[in-house]
Amino acid sequence: MKNAVIGNNKQKANLIVLGAVPRLLYLLQQEASSTELKAECAVVLGSLAMGTENNVKSLLDCHIIPALLQGLLSPDLKFIEACLRCLRTIFTSPVTPEELLYADATVIPHLMALLSRSRYTQEYICQIFSHCCKGPDHQTILFNHGAVQNIAHLLTSLSYKVRMQALKCFSVLAFENPQVSMTLVNVLVDGELLPQIFVKMLQRDKPIEMQLTSAKCLTYMCRAGAIRTDDSCIVLKTLPCLVRMCSKERLLEERVEGAETLAYLIEPDVELQRIASITDHLIAMLADYFKYPSSLDHDLKHAHELRQAAFKLYASLGANDEDIRKKIIETENMMDRIVTGLSESSVKVRLAAVRCLHSLSRSVQQLRTSFQDHAVWKPLMKVLQNAPDEILVVASSMLCNLLLEFSPSKEPILESGAVELLCGLTQSENPALRVNGIWALMNMAFQAEQKIKADILRSLSTEQLFRLLSDSDLNVLMKTLGLLRNLLSTRPHIDKIMSTHGKQIMQAVTLILEGEHSIEVKEQTLCILANIADGTTAKELIMTNDDILQKIKYYMGHSHVKLQLAAMFCVSNLIWNEEEGSQERQDKLRDMGIVDILHKLSQSPDSNLCDKAKTALQQYLA
């Protein structure tokens, strides 16, 4: 059987159909079988697992994993190795659920104990761990069972395969995991610290796979806060190694992995972005990623991977620095490539292209030039019509930038139905989409014409506005207050909006000032009141509302200066002399004791507060 199935998928499938798997598993588990026979059974099963994904599914259906794990309890090393080799093949298949490794709590400690048996047990167990460690829960289980201590010394093994699998284990254990990363920094192996060992493995004379994986380990430790971004092992070793991986000479997979890891390394750090951008002409080098032919299906998959990696890296490079953004945009046909990327068939490429554009859209200069020349807003609006949430979040963030007052795209975006689209986003289950929807509306309302403000209020509806003002997400609440503040600016607009929505808006303001909210939230709300107090007819909505007047008085005497200042703005706008009815308003506020508070505040140690109080008192004297 063994000789018949080696390298022959058709024969493997035939044997499975003929029912060989349950028979082999039966022999493997029989007490009476000799260890030689058991080992041979495990070898044949391993060979069947090397075939198609359907083969692996058939093996899983026959409960092969519990049988093989049981086999690991045998005293015979050859049989243990055969079981581990087969388990390795099954667990590295994409159709096998990782959870099967963790179902029985005794398995992981037993595997740790087997690590010392032979170089094969070391290689296979490390490979199983690195494939089955997906996310923080798995990392914690492996970490708590001593993975770091048990695997560290394997980095100096004489076997290249063992060293490599141990290295891969560390890269998955450290990914986005501060606890593991902080531990790794201090681990000693033969008198050397782990980061130093990783740096040695980065050197040019080492195999590329080893260079890349150790660069990943150092990258993940750096991102998890265990190594500083200005540490020489990052700046002088890891970053240059990853840039090297992006060059034309490297294999396609290496170029993809190199670019994606580098993008992740430099994403939060402007200094690393600057260093990367001037290392080995990286920005020009990445342009080659778009020249891969995509005629055949097989090629298309690779072309997509390369484009996605390049977009991701461009996005990280351009995240903070104006000069780098300019260089990226000036790279041959770059804007056209990104715009094309927005309508790619692959979701991953679309997401990476949107990320890249979002990064570039942080530049005022580019919004006014390249983004306008390439009418970027058109494909962007198309993307926003129907896309998965992860793309919508980034695309709507970018729309916020395109709707800033100085952006020439603002007009055409408005004309293409953006208001309805954004109001729709504010109703999303996803808080990030609600924030972006309301943020974009806030930018749209800034210094806008009356018609646009009316459109926003009509599409949003006061019910939805109320819902957003009681949203559990603080960002949503803050942006909604920002939107209200922008809607209620310039007198004619304030009066017009308050004449139609005044009752509801005053109700919302009252609710927030009475609720348990942060200083920032209350300050924004008082600023909205100050805007209302600046209206000609809208003032009366405050003056006839004793409840609100008492709240303004209360906040003038608050312990927090920001709130005192905001309340003071309300009072100043209400008592301003040159406006009709100012005498009656001044009298009413004097009777409430506001003048006494103003006198007190004019003695305030805070110069800003003191000046504002004095200016307000002058209105009474004039």
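Is Thr261 buried or exposed, and what is its relative accessible area? In this predicted model, where local features need pLDDT of at least 70, side-chain atom pairs count only at pLDDT 80 or more, while totals for chains, interfaces and linings use all residues. Residues are numbered from 1 along each chain as its sequence is written, and side-chain values use heavy atoms, with hydrogens and water left out.

Thr261 lies in helix H18, residues 252-266 (helices are DSSP runs of H or I, at least four residues, numbered from the N terminus). With a relative accessible area of 5%, Thr261 is buried (under 20% relative accessible area with a 1.4 Å probe, protein chains only). Beyond its neighbours within four places in sequence, Thr261 has Lys216, Thr219 and Leu242 in contact (heavy atoms within 4.5 Å).

Apart from neighbours within four places in sequence, Phe170 contacts Val148, Ile151, Ala152, Leu155, Leu184, Leu194, Phe198 and Cys217.

A helix pair comes next. The axes of H3 (residues 20-29) and H4 (residues 35-49) come within 8 Å and cross at roughly 150° (axes are lines fitted to C-alpha atoms over the stretch in contact, and angles run from 0 to 180 degrees between N-to-C directions). H3 is therefore roughly antiparallel to H4 (an angle over 145 degrees). Val21, Leu24, Leu25, Leu27 and Leu28 of H3 meet Leu37, Lys38, Cys41, Ala42, Val44, Leu45 and Leu48 of H4.

Terms used. Helix = DSSP H or I, 4+ residues; strand = E, 2+ residues; numbered from the N terminus. Parallel < 35°, antiparallel > 145°, perpendicular 65-115°, else oblique. Buried < 20%, exposed > 50% of the residue type's maximum accessible area, 1.4 Å probe, protein only.
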